[in-house]
Amino acid sequence: MSRRWDWPYALLVLLLSVPAIGPTLNPGYWWGAHDARHSVYFLFEFDRAVQDGVLWPRWSPDFAFGYGYPFFNIYGPLSSFVGEALHLMGLSFVDAVKVVFALSVLASGLAMCGFVRHVAGPRAGVVAGVAYVYLPYHLADVYVRAALAESVALVWLPLVFWGFLAVSTVPTPGRVAWAALAYTGLLLSHNGLTVQATFVLGAFVACVLAWRSFEEKGWPARARTALRLGVAAGSTLALGMAVGGIFLLPWVLEYKYVRTDQWLAGYYSYREHFVQWWQLFDPRWGFGVSVPGPDDTFPFQLGVVPLLLGVAALWVPLDLWGRRMRLAFVALFVLFTLLMLEQAAPAWSVLGPLLSPVQFPWRLLVFAGFALAFLSGLALARAPDSAVLAASLLVVTASYPYVQAEIRPPAEGPVSYAGLMRFQQSAGEMTGSSIWVREIPTWSPLAEVWVRGGEVTSRVDYGALPKGVQVASRWANSQGELVEYRAEHPFRLAFNIAYYPGWRAYLLDPETEEVVRPLEIVPHGTLGHIRVEVPAGHHLVLVRFEDTRPRRVGKVLSLVGLLIVGALLLLEARNRRKGVPRR
Amino acid sequence: MLLGVVGLVYVAPLGRPGFLATQMGVLPLLRVLGRPLPPTTPVAADAAWVYGLARGLMRLGFSPGQALELLLVVAILLGGAGVAALAWQAWGWAPGVLAGALFFALPAHISARFIRGVPGEIWFWAVVVWAAWGASGLRRWQRLIGAMLAAFALITWPTTTAVALPLLVLVGGGKRWSHVHRVQGVLGWIGAVLVLVILRWRSAAPASALFPFQLFSAAWPEPEAWVRGGSYQVGAVPLLGALVVLAQRWSADRLRERLSSVELGWAAALGLLAWAVVPWAPVTRAASAVGGHAFLVLLASVVLTLVAAQLPRLQPALAEWAWLSLLVALVAWSGYSLLTPPALPDVPLGAEMASFEVPDGGPALLLLGVEGEGQAVAGQVVRVKAYWQLLQPVSKDYTAFVHVVAPDGSLVAQGDRLLLAGERPTSGWGVGEVVVQSYEIALPAEAPPGPYTLRLGVYLAETLERLPRTGGGDALEVPL
């Protein structure tokens, strides 16, 4: 486990990964891919909030035909943060998304290379890194699914395992800090994947702790080692969660306020999307979707070259830790491959709460592929450089026919509010709702305005105003609105905004714009819109999406977590300077 | 295990629900079910014991398709293992593993499995390679097994075994033949060829030669045109591998060893391929006597496989695990993209079927079954689905007549339609292609009362001449 980074090997991985991002360098975008439009419009919505001065967006104002949805409160925002940074640098939304895809592919290869290098040396790292990039599922993730969040998560997965392996064997302050940051990266990239990854990680760390402690002589020493390393790994996990607290805490505590039946039932029920065993070896490539039965036009193949290299790894002579890691990753591969198959349906029934967020059993190809790429690397751990190069080229060549994207113009027109509305209408997507919504909208007056080429300047429901009331919007943005009104009687002021915790309303003085008193928000109607009781007279009403207690506590947690990470890194630097030996 | 995984990848298409759509269509299923088949089809002449085994599996609860596919899986895996065993025995484990992988990925064998689709042909290779393994064995018990398998193969597939077995023993014999003068082996092979030259007179049907480019063409049918395609490619990987081995052999200055299995293999492969492509060769006609050009190409491919498998023997570095794994992965990948056979549609294999004969050509169109839907009463519409299969290429576009006949024999209604597979008339159908054609027939309100009979047959629209039904008559009649 050399500390020296072998740059030529890393450079080789990077160079060999370049063909995998070829389609991102083409003009145009694979608009027909499953989540291609989602990825662009998620960024579009993220940008709306950032442009309004929100540094950590949670509310997406134009979901559900303009009624809004707390999308980034429950969905890992990291890919959007990266995309937004690129957009602010001048890239269009589409180009920014393409660059994030490309960066994620390149970074994932390097991350895998680093992890496997840590376990079995640089040669194994090269093959594993290239195999990880060119896994058929990884390419399908980018060009068939256009799953931006998962693609970014694939960068962090090896880093998390690398970090926790390092912490569970020889913990140092620096390792704890980096492993925690990697975990945070995974969490902020794809929270659903993080749930499963955490359980896998837990089992992995338990194995490592057991192996590591059994290197000691006598049970007391073993128990001490297991405890010491277990505390280190547990603290790392806790620190990672703390750093990601700004997202984790609201997600965990406020997820119950969104409807999930839309995404977990019907077509999305896992029961309809098991893989048949032969599909794991089926060379057919397609851009279609997963359907019940064997006629899927989406590729589920493992990749014949990584598979055979993975099998070959079983006979490669390795050192003790190499053999242990091989055992762990063979188990991971076998377990997750079996869990994808129809025959695993009883296990899914038992593990339903844990596995059902996966939606589609074939998404476990993430873990099976991760393990396969790791094992592919081990196959070449003791091979000469020439064999490593040949293996890497074979991996690239075997998957090269799959490096293709269906570049086409957007069916809904250029990226715009109108395009977003048309997309929502045609696909029934980005129509997420809170639990106060009883009827999922299929169109809205706001959408109508946008599609007709107009601009929505206020979300006040003017149609619901009583006669004689004068209402005018002073300003409106993605996170709220200030409304001035004159009324002779108290009345109910309704907004075309779906209610979700965090929306607050205030009565303001019309002259000074100072808060007079808060107003109670009552979700009303089948669409669960915001409605406030306002007094008679001339007043201002401010409705605004604010932080709830979990969000505030989450922010503090993240701040504290980052301070601890900083302190640990400083400590590591000091230890290195002083030459403090590692235990 | 590495070889086992390659085998698993290559039998995976058989795991797909539904029976393989090959050039045999549903004929193998019909044979398992014991239905009479037109005698001109290869399935009718196929090894009876294969179908007997399938019937045995049916008693265990398998459907005919599952039983046949299970037997195919076993035959494919046995074939790969047999070639591996043959090469392993001759040259060591690394050539053995490589030979097995090469065999699984041979385009010519994949074509036999998934395009031609005669189950006995796949079993032939499984038996004959193990017979060759036994015959080349150094141990008595092994030779006994070889002799038994060889005898079994000769009885079941006499001509193909007569050609393939001596050749495989000679090329893959290894140690068994190292102490026998090679010239004897060569003379033996020449003798076998002469026997086959004589066999040409047994073949009445002239065989047309292949075009040389077909041996090297990478063209492979798309799944939607699977049975209309076909391939005679030798396979780039075994060919190039064998070339490298040949170059290695000739670069070594060891003349004494030159007349070995490498040169013999190349001579045999070139001879077989020439046999397949040279139209003026007197032996070309005999190709059909030994199973056709596809057999010649496949045998040449297997021989080249045995030659190419010696690469780790001549380059010891390639016998190291990392390089060998890479070679096996390369080989497995080389044929991977060919594994896209489609599945047959669900065909009701009822007892009622009929074959129709083209003039001077024998049975050409098989009516596999008929399904009716709707009430067959006056004033109603009856929907009929007819399942057709082409048995041999036809040059004309035929029309199907579908008549509803009253009990008194009068015609109540009819729904004649050009037989179409999508937009392709029968002249564009592929042999083995199963075509489902739907008809909607409105029964007039004033029609005499039923029960009615459905009468189906085929005719040529230009002449209104009906094709005769094998066994007499010109239509199939089924109660509606």
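A salt bridge is taken here as a side-chain nitrogen of Lys or Arg within 4 Å of a carboxyl oxygen of Asp or Glu. By this rule, zero salt bridges are counted between domain 1 and domain 2 of chain B. The structure is a predicted model, in which local features need pLDDT of at least 70 and side-chain atom pairs count only at pLDDT 80 or more, whereas totals for chains, interfaces and linings use all residues. Residues are numbered from 1 along each chain as its sequence is written, chains are lettered from A and ligands numbered from 1 in the order in which they are written, and side-chain values use heavy atoms, with hydrogens and water left out.

Chain B holds 17 helices and twelve strands; helices (H or I, at least four residues) and strands (E, at least two) are DSSP runs, numbered from the N terminus. Of the 480 residues in chain B, 55% are buried, where buried means under 20% relative accessible area, exposed over 50%, and partly exposed in between (1.4 Å probe, protein chains only). Contact is defined as heavy atoms within 4.5 Å. Among contacts in chain B between residues at least 6 apart in sequence, 70% link residues at least 24 apart.

Chain B is divided into domain 1 (2–336) and domain 2 (354–479), with bounds that come from an automatic or database domain assignment. Twelve residues of domain 1 of chain B and 14 residues of domain 2 of chain B take part in the contact. Together the two domains of chain B bury about 850 Å², 69% of it on carbon and sulfur atoms; buried area is the accessible area (1.4 Å probe) that two parts lose on being put together, summed over both. Three residue pairs, both at pLDDT 80 or more, are in polar contact between domain 1 and domain 2 of chain B. A polar contact is a pair of N or O atoms within 3.5 Å; within protein, one must be able to donate a hydrogen and the other to accept it, and residues adjacent in sequence count only if both atoms are side-chain atoms.

We can turn next to the interface of the two chains. Here 27 residues from chain B meet 32 residues from chain A, and the chains bury about 2500 Å² between them, 80% of it on carbon and sulfur atoms. One salt bridge is found across this interface: A:Asp295 pairs with B:Arg16, their closest N and O atoms being 3.5 Å apart. Five residue pairs (both at pLDDT 80 or more) are in polar contact across the interface of chain B and chain A. On the side of chain B that touches chain A, the elements giving two or more residues are helix H1 (2–11) and helix H17 (321–336) of chain B. The largest share of that side, eleven residues, comes from H17(B).

A:Ser60, between helix H3 (36–51) and helix H4 (63–66) of chain A, is buried because its relative accessible area is 0%. B:Pro42 lies between helix H2 (27–32) and helix H3 (48–59) of chain B and counts as partly exposed, at 42% relative accessibility. Leaving aside neighbours within four places in sequence, B:Pro42 is in contact with B:Met24 and B:Val118.
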